[in-house]
Amino acid sequence: MNRLQVELPGLSLKNPVMPASGCFGFGKEFSKLYDLNKLGAIMIKATTEEARYGNPTPRVAETPAGMLNAIGLQNPGLEGVLTNELPWLEQFDVPIIANVAGSETEDYVEVAKRISLAPNVKALELNISCPNVKKGGIAFGTIPEVAQELTKRVKEVSAVPVYVKLSPNVADIVGMAQAVEAGGADGITMINTLLGMRIDIKSGKPILANKSGGLSGPAIKPVAIRMIYEVSQKVNIPIIGMGGIESVDDIIEYYYAGASAVAIGTLNFTDPFICPRLIEELPGKLDELGVHHITELIGRSWK
Amino acid sequence: MIQQEMMNIIKHQNIAKDIYELTLQGTLVQEMGEPGQFVHIRTNSGVDPLLRRPISIAHIDKQLNQCTLIYRAEGKGTKLLASHSVSSQVDVLGPLGNGFPIEEIQRGETALLVGGGIGVPPLFELAKQLNQNGVKTIHVLGFETAEKVFYEEEFAKLGETYITTVDGTMGTAGFVTNVIDEYQFDFHVLYSCGPIPMLKALEDRFKERKGYISLEQRMGCGIGACFACVCHLAEEPTGAAYVKVCSDGPVFPIGKVVLA
């Protein structure tokens with residue numbers, strides 16, 4: 001039996017490691033570096049109904065052990081993703097988790113309805129937590145009732161299970177998680193980026209053209225761990241954990257906190273081979289821990 | 001093909017104020033081709049700073065498996081890189097991006113190479129390759145001040161070389177455009193790398209000419225996945241169309257992208 005095999009709603013994962021949305025494009029660039037079949041799944045870049053250019057540059061700024069980004073959901077739009085990106089990904093035996101974004105409920109519903117019918121899309125990740133767009137995005141992710149209603153509306157039309165990506169920019173993360181669970185979510189992915197800003201000391205102005213951006217990388221890992229620790233004890237749906245993972249020890253920490261699978265984001269930029277490397281290292285780590293199957297680790301910190 | 005390799009540091013020296021010349025050895029060099037490509041370097045083994053640093057390739061020696069990079073130690077990452085000593089190793093990802101097309105100019109023709117500051121290094125490999133192809137090169141290299149000037153002699157060996165400094169401490173006082181406007185060089189193809197205002201000034205003058213410019217932009221991944229370094233296209237300056245500096249560039253035909 002495969003010690004890394006993980007079964008989640010809609011997702012039969014040969015291992016629990018996947019690149020996080022927005023850090024992997026639609027896979028083409030990384031496919032030149034390694035065989036994407038090695039991945040547990042791929043969370044593709046957020047798709048909106050219409051193509052988006054995104055924000056002006058500079059779009060990234062480095063921070064201690066992290067980075068800020070304000071890309072602004074640049075993507076080729078639903079048609080482009082359905083016509084070019086998803087069919088190309090069909091050559092790989094890897095489930096695709098399609099990140100769905102919008103500015104109005106109707107946008108989310110439309111994208112979810114159509115993208116969930118693509119043969120290799122096995123789950124949706126509802127992006128209610130992007131901090132870098134003026135309308136929608138994070139607004140849906142900070143008011144529990146709004147998040148619940150949106151989840152419900154998307155669930156009604158989606159042909160595949162729906163995971164909701166939670167924003168850490170809230171006072172009560174458990175309340176948000178429970179709201180999306182009540183809305184019918186099949187799972188939760190967390191956390192999205194934390195809102196942040198850097199100011200250029202020469203110009204005295206924010207470095208990012210968008211002024212503020214989303215903080216990611218190892219700097220945010222403790223925030224994610226705390227939130228997953230709390231949420232996993234209060235909901236009955238699985239969590240895919242993310243935020244600053246750079247080693248197998250980090251993956252274990254996410255499992256102990258209560259995650260059932262993990263996504264790797266920013267570290268793909270630092271080490272483009274990080275996903276296959278950690279997948280390869282995981283069995284050795286399980287041996288070291290005296291654990292046969294990775295799922296035995298879920299929630300160990302509070303069980 | 002893009003490779004990741006721990007490359008050996010063969011030589012590492014300070015060649016002008018804050019400017020370092022770093023010679024690396026490794027099999028990755030065999031993948032390098034056109035001048036103007038870059039490598040993405042991890043300046044430390046930890047996660048602070050987190051991102052790699054894009055640095056252009058100044059010289060390629062495939063026989064020795066060596067390449068030379070020239071960079072300015074200004075921020076946290078490049079200052080850390082400057083502290084690496086000879087015989088240690090650095091984590092290099094590359095070669096990345098598309099360089100200057102050298103086949104766009106014929107033997108016997110003249111290329112005008114214009115560089116500004118830390119945009120000068122990739123022009124050195126370009127000048128070498130063009131010279132090997134029998135192309136005459138004229139170099140106009142702009143710097144802030146005399147103590148930041150580098151490679152003036154190396155360029156002079158390859159062709160007519162003009163140095164400008166903003167403060168007039170070496171060569172012509174002012175900008176590269178002062179020299180260009182004064183001499184009105186006769187050339188077939190323009191190749192340039194440097195700060196945006198300089199590239200804009202060149203574009204204003206040579207929009208109708210055959211030319212290629214290399215852009216600098218803050219990058220995340222360096223391979224085209226993160227969408228940090230995108231530019232609008234000149235034909236559709238506010239539309240959804242774009243190019244990525246890291247993987248579609250960094251070299252673009254003059255006038256193709258919006259310089260912002």
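Where chain B meets chain A, 26 residues of chain B are in contact with 32 residues of chain A; two residues count as in contact if their C-beta atoms, placed from the backbone, lie within 7 Å. This is a predicted model, where local features need pLDDT of at least 70 and side-chain atom pairs count only at pLDDT 80 or more, while totals for chains, interfaces and linings use all residues. Residues are numbered from 1 along each chain as its sequence is written, and chains are lettered from A and ligands numbered from 1 in the order in which they are written.

**Chain A**
- You'll find 10 helices and 14 strands in chain A, taken as DSSP runs (helices: H or I, at least four residues; strands: E, at least two) and numbered from the N terminus.
- Chain A has a radius of gyration of 18 Å, close to the 19 Å from the globule rule for 303 residues, so it is as compact as a globular protein of that length.
- That radius is taken over C-alpha atoms, and the rule is 2.2 Å times the number of residues to the power 0.38.
- The C-alpha trace of chain A spans about 50 × 45 × 40 Å along its principal axes.

**Chain B**
- Chain B splits into domain 1 (3–96), domain 2 (100–214) and domain 3 (215–260), with bounds from an automatic or database domain assignment.
- The C-alpha centres of domain 2 of chain B and domain 3 of chain B sit 22 Å apart.
- Their contact takes 12 residues from domain 2 of chain B and 8 residues from domain 3 of chain B.
- On the domain 2 side, α5(B) gives the largest share, 5 residues.
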